[in-house]
Structures are given as C-alpha cells and as structure tokens.
Amino acid sequence: MKLIIAIIQPTKLEAVKLALSKVEVYRLTVMDVQGFGRQKGFTEVYRGHEFTVNLLRKIELQIAVNEDFVEPTINAVIDAARSGPEGAIGDGKIFILPLDDCIRIRTGERGPEAI
Amino acid sequence: MKLIIAIIQPTKLEAVKLALSKVEVYRLTVMDVQGFGRQKGFTEVYRGHEFTVNLLRKIELQIAVNEDFVEPTINAVIDAARSGPEGAIGDGKIFILPLDDCIRIRTGERGPEAI
Amino acid sequence: MKLIIAIIQPTKLEAVKLALSKVEVYRLTVMDVQGFGRQKGFTEVYRGHEFTVNLLRKIELQIAVNEDFVEPTINAVIDAARSGPEGAIGDGKIFILPLDDCIRIRTGERGPEAI
Ligand SMILES: Nc1ncnc2c1ncn2[C@@H]1O[C@H](COP(=O)(O)OP(=O)(O)OP(=O)(O)O)[C@@H](O)[C@H]1O
Ligand SMILES: Nc1ncnc2c1ncn2[C@@H]1O[C@H](COP(=O)(O)OP(=O)(O)OP(=O)(O)O)[C@@H](O)[C@H]1O
Ligand SMILES: Nc1ncnc2c1ncn2[C@@H]1O[C@H](COP(=O)(O)OP(=O)(O)OP(=O)(O)O)[C@@H](O)[C@H]1O
Ligand SMILES: [Mg+2]
Ligand SMILES: [Mg+2]
Ligand SMILES: [Mg+2]
C-alpha cells in the first residue's frame with residue numbers, strides 16, 4: 001500500500017478526479033494548501049544571488065492505494081494535471097509514501113481490502 | 001514511531017479527542033479536508049457503469065505516536081468515530097505511516113522522547 | 001528522499017522560509033492547521049487527573065528533500081522557529097517520513113532530480 005500525495009493547480013481538480021475514476025480510484029482526500037516555488041512572486045537577493053519566492057494556491061490530494069494502482073494513479077494525475085503536451089511551470093508534484101496499514105472505521109477491516 | 005492519519009466525520013472530533021486523551025494521547029494536529037467517496041453526490045456514467053462521486057467535509061487528524069501507542073490510538077479512534085455499533089458509511093479511514101524521526105523544536109530532543 | 005513535516009507557530013513562517021532559502025530549500029507546501037497540546041485551553045478531569053487540552057492555530061510545512069538536505073532543513077527550521085535561545089512551549093515539532101518516489105508533473109521526471 002502507498003499513500004500518494006499530489007499537489008496540483010486548483011483548476012485541474014475536476015479533470016484529475018475524472019481521470020482517477022477512469023482508473024477506478026474513487027476515494028481521495030483533498031485540501032487547500034499554499035505552494036512555494038521559484039517561478040513568480042517577490043524577489044529576494046541573498047549572497048549576491050537573486051531568487052524569487054512565490055506563494056500560490058494549490059490543491060493537495062491524498063490517495064491511499066494498493067500496489068497495483070500506484071502506476072495507474074500516477075499516470076492519471078500526470079495526464080490530467082499537466083497543462084498541454086509540454087506542461088507548464090507550476091503544474092505540480094507527486095510524492096509516493098510507504099503505507100504500513102489502513103483501517104476502515106465502519107467495519108474495522110484492515111489492510112488492502114480497507115483501502 | 002508511526003504517523004497515524006485519521007479522516008473522520010467533523011461531528012466526531014470532540015469524542016475522538018476525549019477517547020485519545022483516555023489512552024494518554026494528548027498531542028495531535030487537525031485540519032479541515034474534503035473527502036471524496038462513492039456514497040452520495042453527483043452521478044456520472046462511464047463505460048456504461050454509473051457511479052457516484054461525492055465531496056464531503058471531513059476532519060483529518062495527524063497523530064505521531066510511539067510503537068506502544070499505535071493500537072490504543074487506532075482503537076480509540078475507531079470507538080469514538082464509529083456511528084453506533086454497526087457503523088455508518090462514511091465514518092472514516094485510518095492510515096498508518098512509518099515515521100523515521102521526530103524533533104521537538106524547543107529543546108532539540110529527537111526520537112521517541114520527542115513525540 | 002524524505003518528506004519533512006514541520007508544525008510551527010504562524011508568526012515564524014516568514015523566518016522559516018528565509019532560513020530554508022539560505023540552505024537552498026526553495027520548494028515547500030504550507031497549510032493552516034490546528035494543534036492540540038497540553039499547554040493552554042480547557043481543563044478536563046479524568047480518573048482523578050486534571051489535564052488541559054488546547055487548540056491553537058499552527059502552520060504545517062511539508063518539505064520533500066534529498067538525503068543531503070535533511071539535516072540542513074531540520075536545522076534551518078529549528079533555528080528559525082525556536083523562540084529565543086531557550087525556546088518556548090508550543091514552538092513546534094518536526095516529523096521525518098520516508099519518501100519512496102517523487103514525480104514532477106510538467107516533465108515526468110522521477111526520483112531525486114524531481115524533488
Ligand atoms: N520539494 C517539494 N516539497 C514540498 N512541496 C513541493 C515540492 N516541490 C513542489 N512542491 C509543491 O508542489 C507545488 C507545485 O510544484 P511545481 O510544479 O512548481 O514543482 P517544480 O519542481 O518547481 O516544477 P516546475 O519546474 O515544473 O515548476 C509547489 O507549489 C509546492 O506546493
Ligand atoms: N483510499 C483513500 N485514500 C484517501 N482518502 C481516503 C481513502 N478512503 C477514504 N478516504 C477518506 O476518508 C473519508 C471517509 O472514507 P469512508 O469512511 O467513506 O471510507 P470507505 O472506504 O468508503 O468506507 P465506507 O464503506 O464505510 O464508507 C473519505 O471521504 C476520504 O476523505
Ligand atoms: N505527537 C504529535 N502528533 C501530531 N502533532 C503533534 C505532535 N506533537 C506536536 N504536534 C503538533 O505540533 C504543535 C506544536 O507542538 P509543541 O511544540 O507544543 O510540542 P510539544 O511536544 O508539546 O513540545 P513543548 O513542550 O515544547 O510544547 C502541536 O500543536 C501539534 O499541532
Ligand atoms: Mg515550480
Ligand atoms: Mg465511503
Ligand atoms: Mg507543547
């Protein structure tokens with residue numbers, strides 16, 4: 001089992017949910033976050049290097065999946081969250097974390113069938 | 001050490017906090033999230049299958065614990081977050097993630113005593 | 001690769017971002033959370049012990065880094081988030097989680113170069 005964390009542009013949320021449902025991933029948790037990167041925003045100078053720090057609204061998805069669903073989930077998120085064939089700066093990032101266990105509160109089921 | 005992530009119904013937060021304190025788990029982080037499942041909400045048809053996607057307010061708890069506290073914490077969350085003895089659809093999910101290290105910022109303590 | 005989760009006082013966010021940029025950590029995700037601890041707040045009595053539960057606004061940072069950046073990142077967060085040399089109760093906590101993989105959505109790059 002893995003916990004997939006994806007940070008995407010808010011405008012891509014509906015497309016990502018649809019793409020996930022097409023690979024039979026129906027359960028996910030979504031939260032509003034702020035992303036910092038280097039693209040746009042205020043500029044700072046440090047040790048003679050100028051760099052740019054920005055704060056932008058993003059959406060974070062948390063998706064717990066069984067092993068067979070890891071690559072389909074990643075591909076669905078990439079396909080739906082990328083801006084056009086080339087992609088655009090700030091399109092987002094996906095993190096894959098190990099997941100030791102999962103429990104469905106209603107039934108007490110544990111492990112892969114509880115995902 | 002484990003990081004326990006629990007997604008519960010907002011109405012159950014107070015009961016869950018009380019249940020956690022009874023197993024001597026006093027520290028946790030809470031955030032507002034939106035949950036997607038298959039229970040209620042708008043219906044879509046895909047490849048001839050109709051399925052339902054919903055977006056509901058949930059609460060996410062993040063609770064870092066030492067090994068001896070993992071099962072008591074899980075049981076406390078299940079007991080307090082489940083709707084009645086049978087439970088109800090949407091009662092929530094618990095994820096257990098491995099946690100490599102923990103640091104208390106005030107003291108610089110690391111590892112299990114910093115939890 | 002590690003996912004570093006830091007929960008800090010909201011007043012320390014700007015200082016922490018600056019400290020991170022000084023160790024060349026420019027990318028992070030930030031969210032508003034509520035922290036529960038034992039310092040201030042309402043008091044409850046349980047089995048004859050009185051204890052105090054509080055709910056306070058905190059900021060959670062999620063920072064994915066390569067191995068060489070783990071200790072510099074931890075030190076930057078501690079230095080900037082601690083209140084004075086002694087620190088103050090509630091200054092925050094850092095969690096280090098294993099991170100299996102990372103993908104840049106724009107390019108499809110994976111692993112350490114996608115961080
Ligand atoms: N290493 C990281 N740790 C934590 N969050 C990150 C990291 N990298 C990216 N993010 C989150 O993902 C969001 C989108 O990242 P972004 O797509 O800008 O990544 P990038 O590596 O800068 O790629 P690009 O060059 O395509 O912009 C960021 O605003 C931030 O919220
Ligand atoms: N696999 C998952 N990945 C990420 N979040 C999940 C996952 N499963 C559940 N959640 C989160 O937990 C919330 C509650 O889930 P829920 O209790 O509906 O789980 P379920 O597996 O559908 O069980 P039930 O059949 O009892 O409804 C969801 O709204 C979502 O936020
Ligand atoms: N074990 C934990 N699990 C989840 N979140 C935690 C945990 N410990 C601390 N936190 C989060 O970090 C915030 C700040 O924690 P805090 O600095 O009060 O830690 P502490 O261990 O009580 O140390 P101190 O004695 O310095 O107050 C909390 O409000 C909570 O959001
Ligand atoms: Mg970027
Ligand atoms: Mg459900
Ligand atoms: Mg404290």
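What rotation, with what shift along its axis, superposes chain C on chain A? To find out, display chains A and C of this predicted model together: a rotation of 120° with 0.0 Å of shift along its axis brings chain C onto chain A, with an RMSD of 0.0 Å. That is the relation of a three-fold axis. To locate the axis in the viewer, select C:Pro98, whose C-alpha is the one in chain C nearest the axis, at 4.1 Å from it.

Keep chain C selected and look at its contacts. Only 11% of the interface residues of chain C are also interface residues in chain A, so the copies meet through different surfaces.

Next, bring in chain B. Chain A is superposed on chain B by a rotation of 120° with 0.0 Å of shift along the axis, again given with an RMSD of 0.0 Å. In chain A the C-alpha nearest the axis belongs to A:Pro98, which lies 4.1 Å from it. For this pair too the copies use different surfaces, since 11% of the contact residues of chain A recur in chain B.

**First stop: ligand 2**

Select ligand 2, which lies between chains A and B, and show the 20 residues that surround it, the closest being A:Arg27, A:Thr29, A:Arg106, B:Gly90 and B:Gly92. On the chain A side, an N or O atom in the side chain of A:Thr29 is 2.7 Å from an oxygen atom of ligand 2, while a polar backbone atom of A:Ala64 is 2.9 Å from a nitrogen atom of the ligand. Taken alone, ligand 2 exposes 610 Å², and the protein buries 97% of that.

If you now colour by secondary structure, the elements that give two or more residues to this shell are strand S2 (28-46) and strand S3 (49-65) of chain A, together with S2 and strand S4 (92-98) of chain B. Colouring by residue class instead, you will find 8 nonpolar, 6 polar and 6 charged residues in the shell around ligand 2.

**Second stop: ligand 3**

Which chains supply the surroundings of ligand 3? Residues from chains B and C surround this ligand, so the site is shared between chains. Of the 20 residues around ligand 3, the closest are B:Arg27, B:Thr29, B:Arg106, C:Gly90 and C:Gly92. Begin with B:Arg27, which places a polar side-chain atom 2.8 Å from an oxygen atom of the ligand, and then move to B:Ile115, where a polar backbone atom is 2.8 Å from a nitrogen atom of ligand 3. From chain C, a backbone N or O atom of C:Gly92 lies 2.7 Å from an oxygen atom of ligand 3. The protein covers 97% of the 600 Å² of accessible area that ligand 3 has on its own.

Strand S2 (28-46) and strand S3 (49-65) of chain B, with strand S2 (28-46) and strand S4 (92-98) of chain C, are the elements that give two or more residues to the shell around ligand 3. By class, that shell has 8 nonpolar, 6 polar and 6 charged residues.

**Last stop: C:Thr29**

Finally, select C:Thr29, which sits in strand S2 of chain C. Is this residue buried or exposed? C:Thr29 has a relative accessible area of 7%, and therefore counts as buried, the cut-off being under 20%. Among the residues that C:Thr29 touches, leaving aside those up to four places away in sequence, are A:Ile7, A:Val33, A:Gln34 and A:Glu60, as well as C:Glu60, C:Leu61 and C:Gln62.

Definitions and conventions
Residues numbered from 1 in each chain as written. Chains lettered and ligands numbered in written order. Predicted model: local features only at pLDDT ≥ 70, side-chain atom pairs only at ≥ 80, totals over all residues. Heavy atoms only, no water. Near = heavy atom within 4 Å. Polar contact = N/O pair within 3.5 Å; in protein donor to acceptor, adjacent residues only side chain to side chain. Areas by Shrake-Rupley, 256 points an atom, 1.4 Å probe, with all protein chains shown as cover. Helix = DSSP H or I, 4+ residues; strand = E, 2+ residues; numbered from the N terminus. Nonpolar A, V, L, I, M, F, W, Y, C, P; charged D, E, K, R; others polar. Buried < 20%, exposed > 50% of the residue type's maximum accessible area, 1.4 Å probe, protein only. Contact = heavy atoms within 4.5 Å. Least-squares fit on C-alpha atoms with pLDDT ≥ 70 in both.
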